[in-house]
Structure formats: C-alpha cells, structure tokens
Amino acid sequence: MLSLPASTRIFLCLEVADMRRGFDGLAAMASGIVGEDPLSGHLFVFRNRREDRVKILYWDRDGYALWYKRLEKGRLRFPKPARSGAARSEIRANDLMMLLDGVDLRSVRREQRFALAQA
C-alpha cells in the first residue's frame, strides 16, 4: 500500500502511453500532455492501450522513481474525463488505491461533502 501525504496530487494521463517509455519519456508526457511539472513530487499515472499495465512516475527528492504493475487478468478502468477532450484527470489517493485494486471508478458514487472554495 502506498502512503501519501495529503498535499500530494495524483494525475491520470488519459492518453495511452507506450509502456516501453522510461523515466524521461514519461516525464515528457507529464509536462506535455498532463501539463504539470514532473519534478513537483506529485504522482503521474499512465496506462497502456490494453489497460492491463500501469506506470506511476514521481520525483523522490533526488531522482525519479517509477512504479510498474502488470495485471495477469482484468483491466484497469480509468475514470472518464470531467470535460470532453481532456488529456488528464486528477484523483485522490484512495481513488488510486481502488483503481489499483480493480474497482471501476466510474461506478463509485460519492455523497456530496463540504469543500473549501478555491480561488
């Protein structure tokens, strides 16, 4: 299980990634497609076309770290983008845990909670 500070943001790249990409290729996707700084310490989640592999890239104080998972059976179901044509989606840490555990986030229904308005 991953333990993440509350300040860590998690970005899903909704475009398919070539799983042969390494640190630099995924960092380029993080900045080019997702539009965030890959050196920020946030997590960037990428999947392949068949949706049976996932890579998570993050900056760990002094270098990139890469986490890779291949499913033997089943698929990773990324949520649909909030707006049409979006190249990224932001999720919470517990959503990432559910995604990696095989939960289809599209079927999760959340109760409305209070959220502080962002400027």
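Is Asn48 buried or exposed? In this predicted model, Asn48 is buried, because its relative accessible area is 9% and buried means under 20%.

So where do you find this residue in the fold? Look at the loop between strand E2 (43-47) and strand E3 (53-59): that's where Asn48 lies. Leaving aside residues up to four places away in sequence, Asn48 touches Val16, Ala17, Met19 and Arg53. With Arg53 there's a polar detail to spot too: a polar atom of the Asn48 side chain lies 3.1 Å from the backbone nitrogen of Arg53.

Now for the rings. The structure holds 2 aromatic pairs. Phe11 and Phe44 make a stacked one, with 5.6 Å centre to centre and 20° between the planes. Phe11 belongs to strand E1 (residues 10-13) and Phe44 to strand E2, so this pair ties together parts that are 33 residues apart in sequence. Trp59 and Tyr64 also pair up, and here the planes stand at 85° with the centres 5.0 Å apart, so the pair is edge-to-face.

How buried are these ring residues? Here are their values.

| Residue | Relative accessibility | Class |
|---|---|---|
| Phe11 | 0% | buried |
| Phe44 | 1% | buried |
| Trp59 | 28% | partly exposed |
| Tyr64 | 25% | partly exposed |

Finally, check out the charges over rings. Arg47 has its charged end over the ring of Phe78, 4.5 Å from the ring's centre. Lys55 lies over the face of Tyr68, 5.0 Å from the ring centre.

Technical notes. Residues are numbered from 1 along each chain as its sequence is written. This is a predicted model: local features need pLDDT of at least 70, side-chain atom pairs count only at pLDDT 80 or more; totals for chains, interfaces and linings use all residues. Side-chain values use heavy atoms; hydrogens and water are left out. Helices (H or I, at least four residues) and strands (E, at least two) are DSSP runs, numbered from the N terminus. Buried means under 20% relative accessible area, exposed over 50%, partly exposed in between (1.4 Å probe, protein chains only). A polar contact is a pair of N or O atoms within 3.5 Å; within protein, one must be able to donate a hydrogen and the other to accept it, and residues adjacent in sequence count only if both atoms are side-chain atoms. Contact means heavy atoms within 4.5 Å. Rings of Phe, Tyr and Trp (its six-membered ring) pair if their centres lie within 6.5 Å; planes under 30 degrees apart count as stacked, over 60 as edge-to-face and the rest as tilted. A charge sits over a ring if NZ of Lys or CZ of Arg is within 6 Å of the ring centre and within 35 degrees of the ring normal.
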